[in-house]
Amino acid sequence: MQTVTSPDAPQGVRQVVVGPERDGQRIDNALMTLLKGVPKSMVYRLLRTGQVRINGKRAKPDTRLADGDTLRIPPVRVAEREEGRAPAGGLVASVADAILFEDKHFLVIDKPSGVASHGGSGVSHGAIELLRAARPQEHLELVHRLDRDTSGVLVFARTRAGLTGLQALIRAGEVTKQYLCLMLGHPSKAKFDVNAPLLKSVLQGGERMVRVADSGKPSLTFFREMEQYPGARLMQATLGSGRTHQIRVHAAHIGHPLAGDPKYGDREMNKRFREMGLQRLFLHAAHLGFELDGRSYSFSTPLPEDLKAFLDVLSVKGKRLVYTRDKSRTDI
């Protein structure tokens, strides 16, 4: 059963029947989702003053909900969301058509490049908002994230148990995440790993940048050559940790950045690749697998057509293409 809201007027008291997707969730966290646009301080004030009740009883912030509870939410003024307008139908359809798998706990899509995982930072609607628009009666939560330009396997939870269970596995390093990427140049080894700590910072304009630094968090990526192309190698990258921009920064750190990477890549090579048809970062989340509650999950998706088409062009038109590795970088 999904969370059901009474048909009271939006400005009146709401009686919400808790569904299994919120079973075990703290009430303060649930209210943050149910009252989007309401400041956190307001949520805690509502709880502190006893205006929020579970089955008629006052609730503390750490009170946990149970399937079937009746949650009383008082009338509050919700700030208008910045995006205002509903997402375009074409965008909603593109994400809905990309569904790879769904069961009781999870829904998995092959996220198109150019679609953010979630809205924010100038993005009105990400994959989670588009899926919620496509399935307004369902409860969906984003389990993990992919960069906007990265395509591939993206998992959403349909239940609280699925969300917390998979996120716990991710934190414990018990989820297999493999990517396909095009690395510039010719690494001296066909199989190697990069073990370099990564430090994340946010620039004045809000842009995220990551660099290798001793003070960063431990980060490990395993690379394996899949195919050879002029001036580049198609690599499989398996994550040993899950840091922001990890594959991109580790590749640049060893002097072999990813093709089409506007932030950490080679400007001149990116320009030449654009002339051959590569219009985005060559990074694709090809596989994600894990075991939860005795069941094995495995999701895979092949390279999208635009990346396959570029490889075909590169194999023919890139025969004289040469990439000179930055000698100041760590050698592999």
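This is a predicted model: local features need pLDDT of at least 70, side-chain atom pairs count only at pLDDT 80 or more; totals for chains, interfaces and linings use all residues.

Reader: What volume does the largest pocket have?

Author: The largest pocket has a volume of about 1,600 Å³.

Reader: Which residues lie nearest its centre?

Author: Arg 145, Asp 147, Arg 208, Thr 244 and His 245. The lining of the largest pocket has 44 residues.

Reader: Which elements give two or more residues to that lining?

Author: Helix H5 (160-171), S10, strand S12 (198-202), strand S13 (208-212) and H6.

Reader: And how does the lining of the largest pocket split by class?

Author: There are 15 nonpolar, 15 polar and 14 charged residues.

Reader: You listed H6. Is it mostly covered or exposed?

Author: Mostly covered. Helix H6 spans residues 246-253, and eight of its eight residues are buried. Among them are Gln 246, Arg 248, His 250 and His 253. Ile 247 and Val 249 are buried there too.

Reader: What follows H6?

Author: Gly 255 does. The phi of Gly 255 is positive, near 85°.

Reader: Switching to cavities. How many are there of 30 Å³ or more?

Author: The count is one. About 40 Å³ of space lies in the largest cavity.

Reader: Which residues line the largest cavity?

Author: His 144, Leu 146, Val 153, Lys 177, Tyr 179, Ala 285, His 287 and Leu 288. By class, that is five nonpolar, two polar and one charged.

Reader: Which strand gives the largest share of that lining?

Author: S16, with three residues. Strand S16 covers 283-292, and strand S10 (176-184) also supplies at least two.

Reader: New topic: rings. How many aromatic pairs are there?

Author: Ten. One of them is Phe 106 with Phe 290. That pair is edge-to-face, at 5.5 Å centre to centre and 75° between the planes.

Reader: What parts does that pair tie together?

Author: Phe 106 lies in strand S7 (residues 106-111) and Phe 290 in strand S16, so the pair ties together parts that are 184 residues apart in sequence. Phe 106 is buried, at 0% relative accessibility. Phe 290 is buried as well, at 5%.

Reader: Why is the pair of Phe 106 and Tyr 297 edge-to-face?

Author: The ring centres of Phe 106 and Tyr 297 are 5.2 Å apart and their planes are at 80°, so the pair counts as edge-to-face. Planes over 60 degrees apart get that label. Tyr 297 sits in strand S17 (residues 295-300), so this pair links parts 191 residues apart in sequence. Tyr 297 is buried, at 7%.

Reader: Which residues form the aromatic cluster?

Author: Phe 101, Phe 106, Phe 290, Tyr 297 and Phe 299.

Reader: What about the largest nonpolar core?

Author: The largest nonpolar core has 32 residues. Those with the most contacts inside it are Ile 109, Phe 156, Tyr 179, Cys 181, Phe 223 and Ile 247. Helix H4 (residues 127-134) gives the largest share of this core, four residues.

Reader: What is Ile 109 in contact with?

Author: Leaving aside neighbours within four places in sequence, its contacts include Val 95, Leu 100, Leu 131, Val 153 and Phe 156.

Reader: Which residues are in the second, separate core?

Author: That core of 20 residues includes Leu 180, Phe 273, Leu 278 and Leu 314.

Key. Residues are numbered from 1 along each chain as its sequence is written. Side-chain values use heavy atoms; hydrogens and water are left out. On a 1 Å grid over the protein atoms alone, a cavity is a set of points where a 1.4 Å probe fits but cannot get out, and a pocket is an open set with protein on both sides within 12 Å along at least five of seven lines; lining residues have an atom within 4 Å of a point. Grid points are joined across faces, edges and corners, and a volume is the space filled by probe spheres set on the points. Ala, Val, Leu, Ile, Met, Phe, Trp, Tyr, Cys and Pro count as nonpolar, Asp, Glu, Lys and Arg as charged, and the others, Gly among them, as polar. Buried means under 20% relative accessible area, exposed over 50%, partly exposed in between (1.4 Å probe, protein chains only). Rings of Phe, Tyr and Trp (its six-membered ring) pair if their centres lie within 6.5 Å; planes under 30 degrees apart count as stacked, over 60 as edge-to-face and the rest as tilted. A nonpolar core is a set of buried Ala, Val, Leu, Ile, Met, Phe, Trp, Tyr and Cys residues joined through side-chain atoms within 4.5 Å. Contact means heavy atoms within 4.5 Å.
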